[in-house]
Amino acid sequence: MTVIEDKKVLRDQQKARLAAIDPVAKKEQSLSLYRQLFENPGWQSSDNIAITLSLPLELSTRPIIQQAWELDKHVFVPKIVDTKMIFVEFTETTKIIKGKMSISEPEESKAFPKNDIDLMIVPGLAFTKTGKRLGFGAGYYDRYLSDYSGKTLSLALNDQLLATIPTDKLDVRIQQILAPEN
């Protein structure tokens, strides 16, 4: 199989694994990840945070967004415009619509400058401890991160941590992976 075929198979496996996580275990792991993130120097020193509006399958980003607002941090979420991902400011009054692939995104399309994002919390289906990431397959994050110079961090539930992930030259490593403390 090719790397592309390997990734497709692994994506399907990961979606099934994530859908099958026990809700109590997911909540415990999520609380551990939130605590680690909020204690992380990268989080604490960042004013402009980029994060997704999570899908039900993923770790909920709502508590992270709420905490950012409480700390007067600015939150930016992705929006797909044509074939490009941009980040748009997200506030409590931002109007949300269903965008490409039925993913929630802001109605507003004013891109925030990439170089002004301090911390990018990058989603994914699977990660290795060394920063390899398996995304959802559209390549938006890898293209965006290819020339991003800020901090990158991902939050991985136990079922998202793998020993190895097939990668190709376009895949961008994440600088820091946080995993639940057992």
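Tutor: A salt bridge is a side-chain nitrogen of Lys or Arg within 4 Å of a carboxyl oxygen of Asp or Glu. Please keep in mind that this is a predicted model.

Student: How far apart are the closest N and O atoms of Asp 168 and Lys 7?

Tutor: A salt bridge requires the nitrogen to lie within 4 Å of the carboxyl oxygen. Asp 168 and Lys 7 form such a bridge, and their closest N and O atoms are separated by 3.4 Å.

Student: Which parts does this pair tie together, and how many residues apart are they in sequence?

Tutor: Asp 168 belongs to the loop between β9 and β10 (176-178).

Student: Which residues are linked with Lys 7 in a network of salt bridges?

Tutor: Lys 7 itself is buried, at a relative accessible area of 8%, whereas Asp 168 is partly exposed at 32%. The network of salt bridges links Lys 7 with Asp 168 and Asp 171.

Student: By about how much of a helix are Asp 12 and Lys 8 separated?

Tutor: Asp 12 and Lys 8 form a salt bridge with closest N and O atoms 3.5 Å apart. Both residues are in helix α1, four residues apart, so their separation is about one helical turn.

Student: Is Glu 105 buried or exposed?

Tutor: Glu 105 is found in strand β5 (residues 104-106), and it forms a salt bridge with Lys 79, the closest N and O atoms being 3.8 Å apart. Lys 79 lies in strand β2, so this pair ties together parts 26 residues apart in sequence. A residue counts as buried under 20% relative accessible area. At 7%, Glu 105 is therefore buried.

Student: Which residues of helix α4 are buried, and how wide is the arc within which they fall?

Tutor: In helix α4 (residues 62-70), the buried residues are Ile 64, Ile 65, Ala 68 and Trp 69. Viewed down the helix axis, these buried residues line one face of α4, because they fall within an arc of 135°.

Student: How many residues does α4 give to the largest nonpolar core?

Tutor: This core has 29 residues, and those touching the most other members are Leu 37, Trp 43, Ile 64, Val 75, Ile 121 and Leu 155. Two or more residues each come from α1 (3-19), α2, α4, β2, β6 and β9. The largest share is that of α4, with four residues.

Student: How many residues form the other core, which lies apart from it?

Tutor: Among its members are Ala 50, Ile 117, Phe 127 and Tyr 140. This other core lies apart from the largest one and has 17 residues.

Student: What kind of aromatic pair do Phe 38 and Trp 43 form?

Tutor: Phe 38 is partly exposed at 21% relative accessibility, while Trp 43 is buried at 1%. Their ring centres are 5.2 Å apart, with 50° between the planes. Planes under 30 degrees apart count as stacked and over 60 as edge-to-face, so this pair is tilted.

Student: Which residue has its charged end over the ring of Trp 43?

Tutor: A charge sits over a ring only if it is within 6 Å of the ring centre and within 35 degrees of the ring normal. At 5.3 Å from the centre of the Trp 43 ring, the charged end is that of Lys 73.

Technical notes. Residues numbered from 1 in each chain as written. Predicted model: local features only at pLDDT ≥ 70, side-chain atom pairs only at ≥ 80, totals over all residues. Heavy atoms only, no water. Buried < 20%, exposed > 50% of the residue type's maximum accessible area, 1.4 Å probe, protein only. Phe/Tyr/Trp six-rings, centres within 6.5 Å; stacked < 30°, edge-to-face > 60°. Arc of directions from axis to C-beta. Core = buried A, V, L, I, M, F, W, Y, C linked by side-chain atoms within 4.5 Å.
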